[in-house]
Amino acid sequence: RVIVYWLSRGLRNRLVGIELDREVADATKAQFRKSGNVEILCGDVNEIDPGGRPGTRQIYYLYSPFDRSVMERFEARLGRAARDRDVVVIYHRCEYLDVFAATERWSIEKVGFEHSSGYRSDTAIITRPK
């Protein structure tokens, strides 16, 4: 859904989706086959290099995606990537936000908002302090 939203807003940046489930990845890849700036990769987020050059900005959108052990490895990987590029994480339903908070690598801004249905959403914007 977030890729559809970004495309509807006219975003032309390179968008990379990473999906562990082959069926879901194939269906999503087919959905975006006509979008030249969207690439869907299948595999473990900690084993796939989504690319990106030093000095660029990478924005990650996470929707409560991993268990704690995967999130710990992902945070460490992002910490290494953030040494030479600007990393921003939009973490929705941030169950393991403490993984980021446990290090001094990140600045965390908690954002909450009400949906029209009454559901309250918890989101965090995670960045590398300058």
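How many positive and negative side chains does the chain have, and how far apart do the centres of the two sets lie? The chain has 22 positive and 19 negative side chains, with the two centres 7 Å apart; Lys and Arg count as positive and Asp and Glu as negative, while His and the chain ends are not counted.

This is a predicted model, in which local features need pLDDT of at least 70, side-chain atom pairs count only at pLDDT 80 or more, and totals for chains, interfaces and linings use all residues. Residues are numbered from 1 along each chain as its sequence is written, and side-chain values use heavy atoms, without hydrogens and water.

Four helices and six strands form the secondary structure of the chain, in the order α-β-α-β-β-α-β-α-β-β. Helices (H or I, at least four residues) and strands (E, at least two) are DSSP runs, numbered from the N terminus.

Buried residues (under 20% relative accessible area, 1.4 Å probe, protein chains only) make up 35% of the 130 residues.

A nonpolar core is a set of buried Ala, Val, Leu, Ile, Met, Phe, Trp, Tyr and Cys residues joined through side-chain atoms within 4.5 Å. The largest has 21 residues, and Met 71, Phe 74, Leu 78, Val 87, Val 89, Tyr 91 and Ile 126 touch the most other members.

A second, separate core of six residues includes Ile 3, Ala 25, Phe 32 and Ile 40.

Notes. Buried < 20%, exposed > 50% of the residue type's maximum accessible area, 1.4 Å probe, protein only. Charge placed at Lys NZ, Arg CZ, Asp CG, Glu CD.
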